Structure formats: C-alpha cells, structure tokens
Amino acid sequence: MRGERRYDWLLGLALFLGLGVLAFQGIALVQSFWHMPGVRAEETHTPSPLAQLDRLERGKLVFQAAGCLSCHLARLEPGGPLVGFPIGPSLSNVGMRRDERWLREHYINPHKLIPGSKMNSYAYLPSDELDALVAYVKSFTPTYEPAEEPKLVIPERFTQEQVERGKALFASQGCVGCHMIGKAGGVIGPNLTRAGAHGRTDQWQLQHLKDPLSVYVIGPTDGIPWPMPRYNTLSDEDLWALVAYLQSLRE
Ligand code: HEC
Ligand code: HEC
C-alpha cells in the first residue's frame with residue numbers, strides 16, 4: 001500500500017512536468033507562427049548601424065559608401081550638383097526606366113542581366129541596406145534635374161552649322177521623346193541639359209549613338225534589352241552633328 005502511494009506521487013510529478021513541457025512548446029510554436037520569417041531573421045541578425053535612419057537617407061549613405069559614384073554620374077539630392085565619374089551610364093532619371101526588381105537583381109548579379117557587365121556585384125550588402133539602396137536609386141527622377149534652358153557653348157572644333165543641324169536631328173530622330181533638355185522632353189533616358197559636361201569624349205558620344213551598349217560592356221551585346229536604341233543607320237555627318245550639339249550643352 002505504501003509503495004503504491006509513492007508510485008502515485010511520482011506519476012503526478014511526471015504528469016506535471018510533462019504538461020509544463022507541452023505548454024512551453026505550445027507557446028514557442030505560437031510565437032514562431034506569430035513572428036513571420038522576415039521578422040525572426042531581423043532578430044537574429046545584428047541590425048545595421050544605419051537602421052534608425054529614414055530609408056532614403058540610408059540608401060543615400062549606402063550609395064556613397066558602396067562606390068557607385070566611382071562609375072556613375074548622379075545628383076545626390078533634387079537640384080544638387082552632378083557628381084561622380086562617367087564610366088557607366090548616367091543615373092539621372094534611372095528610377096523612371098528600371099523597376100525595383102530589376103535594380104535589386106542587378107546589384108546582386110549584374111552579369112545575369114547584362115552578360116559581360118563591368119559593374120561589380122553588391123551581393124555582400126545586408127538585405128535591408130540593399131532595399132534602402134533600391135528605394136534611393138528608384139527615387140532618381142526628373143525632380144533631381146535642373147529645369148533651366150541651356151546656353152549653347154560651342155567648342156572650337158565644331159561649327160555653328162553642325163550644332164544647328166544636330167539640334168534639328170535631336171527633335172526629328174525622336175531623341176527628345178526620351179531625353180529632356182531644359183524644360184522639354186521625355187524621361188526614359190538621362191537628362192541631357194548638361195550633356196557636354198558629362199565628361200564624355202567625342203568618340204564616346206559617336207560610338208554610344210551607333211551602339212549604346214558597346215561603350216559599357218565587354219563581350220557579346222546582341223539580344224540584351226537596353227533602353228537606348230542604336231542609331232547606326234544615320235550618316236557620319238548626321239552623327240557628328242548630334243555629337244556637336246551634345247558637346248555644346250555645357251551651361
Ligand atoms: C566598376 C564600375 C561600376 C560600379 C562601381 C557601379 N556600376 Fe552600375 N553600371 C556600370 C556599368 C558599366 C553599367 C552599364 C551596364 C553594365 O555593364 O552592367 C552599369 C549600369 C547600372 C545601372 C543601369 C543603368 C541604366 O541606364 O539602365 C544602374 C541602375 C546602376 N548601374 C547602378 C549602380 C549602383 C547603385 C551602384 C553602386 C551600388 C553601381 N551601379 C556601381 C558600372 C558600375
Ligand atoms: C527609347 C528611348 C531613347 C531614345 C529614343 C534615345 N535615347 Fe539616349 N538614352 C536612353 C537611355 C535609357 C540612356 C541611358 C543608358 C545609356 O547610357 O545608354 C540614354 C543615354 C544617352 C546618352 C548618354 C548620357 C550620358 O552622358 O550618360 C546620350 C548622350 C544620349 N542618350 C543621346 C541620345 C540621342 C542624341 C538620341 C537621338 C539620336 C537618343 N539618345 C535617343 C534612351 C533613349
């Protein structure tokens with residue numbers, strides 16, 4: 001009899017402990033459903049020291065720290081000066097022509113979107129910094145650009161006649177549909193109000209008009225969707241007139 005009672009007592013204790021463990025597991029289970037995977041990931045990964053900043057402010061810092069300006073021209077804030085180096089395309093208005101998905105994928109794996117790309121991968125950036133970078137570059141829109149009409153400052157190597165011809169071609173060839181100069185034009189391509197001050201050589205301008213991607217990448221460029229069309233059917237005279245006009249857009 002005595003032995004049996006001790007047995008009951010042990011059984012009670014085992015039941016109590018068992019219930020306790022179950023309850024604990026239950027709470028953990030509910031918690032794991034409650035916190036969705038994204039939130040849980042953030043709990044385990046040390047938050048970036050930039051986390052407290054506004055998303056665009058954070059994107060701007062990442063943009064500067066990641067060295068994007070060593071290859072790209074951009075304005076860091078609306079109406080600000082054009083800064084950076086003209087190795088890759090100008091990023092003015094790029095937010096109008098590339099969506100968030102393309103931008104993110106392009107930072108992680110530029111070679112996948114543009115085979116032979118000279119742009120380096122930013123896959124090493126923490127996910128929240130990549131998001132901030134995407135949001136910041138997506139905000140590059142016409143509001144960043146100057147809206148005054150440019151003064152034509154013709155470099156000595158070109159003639160007035162060439163520049164006027166180039167200006168007329170800019171309208172007749174549809175360039176204006178994609179590019180803004182002063183107050184008029186489209187926003188698919190970069191603002192060209194100061195195209196002559198972008199640091200591009202005459203040869204670069206000529207080659208870019210004939211085959212835009214060829215100035216940016218090594219390797220095969222056929223079949224890659226690129227937003228600027230080729231103007232390789234224009235005569236050399238017309239192409240040089242366009243170059244003359246572009247290089248006169250300096251002030
Ligand atoms: C080593 C030079 C280099 C660096 C650094 C670089 N890029 Fe690029 N980028 C390029 C080149 C060249 C292209 C043109 C296409 C290609 O080759 O990928 C390009 C293309 C782009 C495009 C597409 C432009 C268009 O007209 O559609 C975007 C957007 C872009 N880069 C953003 C960035 C950002 C943001 C950074 C920094 C995180 C960066 N790039 C760093 C060289 C660079
Ligand atoms: C369908 C839209 C479209 C048309 C039409 C177009 N462009 Fe572009 N252009 C772009 C885009 C997008 C870029 C950015 C990518 C690049 O640099 O190739 C660009 C880039 C440029 C640049 C480089 C600016 C810089 O310094 O980074 C110049 C110059 C230019 N275009 C001139 C012209 C001229 C001149 C014409 C007409 C003969 C023209 N474009 C027609 C879309 C267009």
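Guide: Ala, Val, Leu, Ile, Met, Phe, Trp, Tyr, Cys and Pro count here as nonpolar, Asp, Glu, Lys and Arg as charged, and the others, Gly among them, as polar. On that scheme the shell around ligand 1 divides into 18 nonpolar, 6 polar and 3 charged residues. The model is a predicted one.

The shell around ligand 1 holds 27 residues, and the closest are Cys68, Cys71, Gly88, Ser117 and Met119.

Ligand 2 can be described in the same terms. Around ligand 2 there are 28 residues, of which Ser90, Cys175, Cys178, Gly189 and Pro227 come nearest. Here the elements that supply two or more residues are helix 9 (175-178), helix 10 (202-210) and helix 11 (236-248). By class, the ligand 2 shell has 17 nonpolar, 9 polar and 2 charged residues. Domain 2 (55-144) and domain 3 (160-248) both contribute residues to the shell, so ligand 2 lies between them.

Helix 11 also packs against another helix. The axes of helix 8 (residues 160-172) and helix 11 come within 7 Å and cross at roughly 95°, which means helix 8 is roughly perpendicular to helix 11. On the helix 8 side the contact is made by Gln162, Val163, Arg165, Gly166, Lys167, Leu169 and Phe170, and on the helix 11 side by Asp238, Trp240, Ala241, Leu242, Ala244, Tyr245 and Ser248. Sorted by class, this contact has 8 nonpolar, 3 polar and 3 charged residues.

The loop between helix 7 and helix 8 includes glutamate 149. Glutamate 149 counts as exposed because it has 11 C-beta neighbours inside 10 Å, where the limit for exposed is 12 or fewer. Leaving aside residues up to four places away in sequence, glutamate 149 touches Gly182 and Lys183. Its C-alpha atom is separated by 8.9 Å from that of alanine 184, 35 residues apart along the chain.

As for the chain as a whole, the secondary structure comes to 11 helices and 4 strands. Of the 251 residues in the protein chain, 25% are buried. Among contacts between residues at least 6 apart in sequence, 65% join residues at least 24 apart.

Conventions. Residues are numbered from 1 along each chain as its sequence is written. Chains are lettered from A and ligands numbered from 1 in the order in which they are written. This is a predicted model: local features need pLDDT of at least 70, side-chain atom pairs count only at pLDDT 80 or more; totals for chains, interfaces and linings use all residues. A residue is near a molecule or strand if its C-beta atom, placed from the backbone, lies within 6 Å of it. Domain bounds come from an automatic or database domain assignment. Axes are lines fitted to C-alpha atoms, for helices over the stretch in contact, and angles run from 0 to 180 degrees between N-to-C directions. Angles under 35 degrees count as roughly parallel, over 145 as roughly antiparallel, 65 to 115 as roughly perpendicular and the rest as oblique. Two residues are in contact if their C-beta atoms, placed from the backbone, lie within 7 Å. A residue is buried if 20 or more other C-beta atoms lie within 10 Å of its own, exposed if 12 or fewer, and partly exposed in between; C-beta atoms are placed from the backbone.
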